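Please look over the sequence and the structure shown here before reading the report below.

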Amino acid sequence: MARAMKTMSLVSGTQLFLVNPLCEIDAVAVRRASGAADLVNTCQIVASLDEALIGCTGAFGMTVRARELGPEPMSPRAAVATAKAIWQQGGAVGACSAFVFGNETNGLTNEELQRCRAEVSIATNPDYGSLNLGAAVQIMTYLLREASGSQSAVNSGATRYASALATVDAVEGFYGQLEAALIQVGFHDPMRPRRLMPKIRRIFERTHLETDEVNILRGVVAALSQGIKVD
């Protein structure tokens, strides 16, 4: 991954996060990065995907297979264009996006993919669609490099948001509060969750929630919860 980022000049302003890596970042890892030692040595190691996504406005989960209850599907170019639009609309300060890759063997779990705002699949041979991790990262970093020098990569009709787009952790906080309220009123049984929360996530993910909108929604849920009496 580090080598792909370096090859496509994705160094300045970018950060590599590793979630619970199976091996240490040692001299062997640096050698395998083939010239990208600076990225390897400065990568951030975190315990969970939630921790890695703190502060991110956009999160794009890479997957080879569509998930029935996954987030909004996007093509690789559309995801890159959206990430660039988020950066531009955030004034290029404090607005960041993450491209999330699973491990080489199993990819992202359903739970990890639901933490993302969109699921992204690289078009491949339908009879043999698997890409190794390095190849997938190389393709996406190429598209990011291409978009960085081309205004045409961003849809000129992109929505200008009234307030900053909500970060991933802010939206997750809203989902947690909403789920607790639904449990409180007896609408949601956490012991038999079925598909309720994934479907609710899909409804809201289509809107690209702004920070102000998340605050309003959380206020509504809090007000309704305070006015409910549960026998």
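## Strand S3 and its neighbours

In strand S5, Ser97 is the bridge partner of Gly58, and S5 (residues 97-100) runs parallel to strand S3, to which 4 bridges join it. S3 also pairs in the parallel sense with strand S6 (residues 118-120) over 3 bridges, where Ala118 is the bridge partner of Phe60. Strands here are DSSP runs of E with at least two residues, helices are runs of H or I with at least four, both numbered from the N terminus, and two strands pair if DSSP finds at least two bridges between them.

## How the model is read

This is a predicted model, in which local features need pLDDT of at least 70 and side-chain atom pairs count only at pLDDT 80 or more, while totals for chains, interfaces and linings use all residues. Residues are numbered from 1 along each chain as its sequence is written, and side-chain values use heavy atoms, with hydrogens and water left out.

## An enclosed strand

Because 5 of the 5 residues of S3 (residues 58-62) are buried, the strand is largely enclosed by the rest of the structure; buried means under 20% relative accessible area, with a 1.4 Å probe and protein chains only. Gly58, Phe60 and Met62 are buried on one side, and Ala59 and Gly61 on the other, so that both faces are covered.

## Aromatic pairs

The whole structure holds 3 aromatic pairs, counted where ring centres of Phe, Tyr or Trp (its six-membered ring) lie within 6.5 Å, with planes under 30 degrees apart called stacked, over 60 edge-to-face and the rest tilted. Phe60 and Phe99 are stacked, at 5.0 Å centre to centre and 25° between the planes.

Technical notes. Buried means under 20% relative accessible area, exposed over 50%, partly exposed in between (1.4 Å probe, protein chains only).
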